[in-house]
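Hi,

Here is the structure I promised to pass on.

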Amino acid sequence: MADPAMSVTPYWEVAFDADGDPEGRRRDRLLAGVRERGVRDLIVFAHGWNTDRSGATRLYDRFFAPVPRLAPAARIGYVGVLWPAMRFSDEPIPDFPRAVTAELPRRPVLDKDTRHALLDTFPGRAILVDQIARLLEQQPPEEAELEEFGRLVRTLVEVVAPGPQALFAADTVAEGVPQSEPEMFAGSSAAVCEEFARALAELEASGTPQGFRIPSPWDGAHELLRQATYYAMKRRAGTVGERGLGRVVGQLAKAAPGVRVHLVGHSFGARLVSFALRGLPEGVRTVKSVTLLQGAFSHYAFAARLPHDARAGGVLQGQQNRVDGPLVCCHSRHDAALGTMYPLASRMAGDSRSAAEPLMGRVLGAKWGAMGHDGVQAVPGTRAYTLAEALEAKLPASGCVNVDAAAVVRRGGPPAGAHSDILHAELARLVLAAGRIR
């Protein structure tokens, strides 16, 4: 398939399957093209989990559009990463007009587009998808049906052996503790659905004049499905990053050693480009900057030790040192998806394997938080700026940098909040500043 027409040039796409294997022709065009076109700086952008291919290319086109005006003398090439993510059609995506997203159903049962996306994302499981859709549509009152729903969802997203994806689910690791299935599937599915339903009701109450409503556990069932696919996409993002993009960047370093690479990721795409650092071949120093936009993974991922467990550390500890420049993390307090639903889902996944904790609020977020909500945590030497300060100052030459982007990443309604509000020229300027592209 030919790469789409874009507002910037030269532009390439590189596509990966769920196990991180690249589509060979696209990869080869990239490796040859950057050399032939005399590219000096290559900006590589990875989309998030709630994006299909057409949404991803529109996102790239709109994010990249201001760059030639901001750095007219630079010899820049652009890459869009395509990976098999799952988009729920009832959630806004970055370039939807806001009038359209406002008309989307609050939480549909399982609409046609989402059903098709599930079939594409989890091939060979059509019967499971039909059974899940039927239960969501009928919403039977019996608790046993919620338990059956949980069983079906668990079967849908489980890793098919002998694929590598099971190795890429954790954000934090402890010595001697094996990775297991998410705890949200280990106990009562009915209880988990009720907990998700309460969390969603609280989010909606905070954004509407009607106030809190009594939630249905089937609202939580729909969220359990979403979070289960989220967990599967979390595994995929790590897999594609380390086994896919990291290796391609290594191949690029051989094919065009003078090219400076700048990795950019949104949501789970931020996780993907971060895991790409772990997949870089030994000695490769061509990654000159990394910019994480509303990263949907643990704020402790780069920490050598966790504040609440000195025996454990982040799964990416020390990987910021693979960057020959800064690792910049944009965060916003307006990102409700990362401020509430992410820590709840992370706790239910049992990533730190601790006892039950409060459902909502600062106590939960402090331990289970996402770096896109409050930045990189527990990494000594991390610098902090507002977005305005980061654009005026000369960013550090290395290490982790937190940038509070709440001044622009602020719009969006429940349940996602401002998670996809990233199409701002200021953020494109930040990418250029991080990479010292002029």
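At 4% relative accessibility, Cys400 counts as buried (buried is under 20% relative accessible area, exposed is over 50%, and partly exposed is in between, using a 1.4 Å probe and protein chains only). Before I go on, the ground rules: this is a predicted model, where local features need pLDDT of at least 70 and side-chain atom pairs count only at pLDDT 80 or more, while totals for chains, interfaces and linings use all residues. Residues are numbered from 1 along each chain as its sequence is written, and side-chain values use heavy atoms, with hydrogens and water left out.

So what about disulfides? A disulfide is a covalent bond between the sulfur atoms of two cysteines. The cut-off here is a pair of cysteine sulfur atoms within 2.5 Å, and by that rule the count is zero. Cys330 is in no disulfide, and the nearest cysteine sulfur, in Cys329, lies 7.0 Å away. Cys400 also has Cys329 as its closest cysteine by sulfur, but at 8.3 Å that is too far for a bond. Cys330 is buried as well, with a relative accessible area of 1%.

**The overall picture**

The protein has 15 helices and ten strands (DSSP runs numbered from the N terminus: helices are H or I with at least four residues, strands are E with at least two). Of its 438 residues, 58% are buried. If you take contacts (heavy atoms within 4.5 Å) between residues at least 6 apart in sequence, 78% of them join residues at least 24 apart.

**A helix pair**

Have a look at helix 6 (residues 126-138) and helix 7 (residues 143-157): their axes come within 10 Å and cross at roughly 150 degrees. The axes are lines fitted to C-alpha atoms, for helices over the stretch in contact, and angles run from 0 to 180 degrees between N-to-C directions.

The loop between helix 6 and helix 7 holds Gln139. Its phi is near 45 degrees, a positive value in a residue other than glycine. Gln139 is partly exposed, with a relative accessible area of 34%.

Ser289 sits in strand 6 (residues 287-293) and is buried, at 1% relative accessible area. Its side chain makes a polar contact with the side chain of His262 at 2.8 Å. For a polar contact, a pair of N or O atoms must be within 3.5 Å; within protein, one must be able to donate a hydrogen and the other to accept it, and residues adjacent in sequence count only if both atoms are side-chain atoms. Leaving aside neighbours within four places in sequence, Ser289 also touches Val261, Leu263 and Pro326, among others.

Gln294 is in the loop between strand 6 and strand 7 (312-314). Gln294 is not a glycine, yet its phi is positive, at about 50 degrees. Here the accessibility is 0%, so Gln294 counts as buried.

The peptide bond from Thr9 to Pro10 is cis, with omega near -5 degrees. You'll find Pro10 in the segment before strand 1 (11-15).

Cheers
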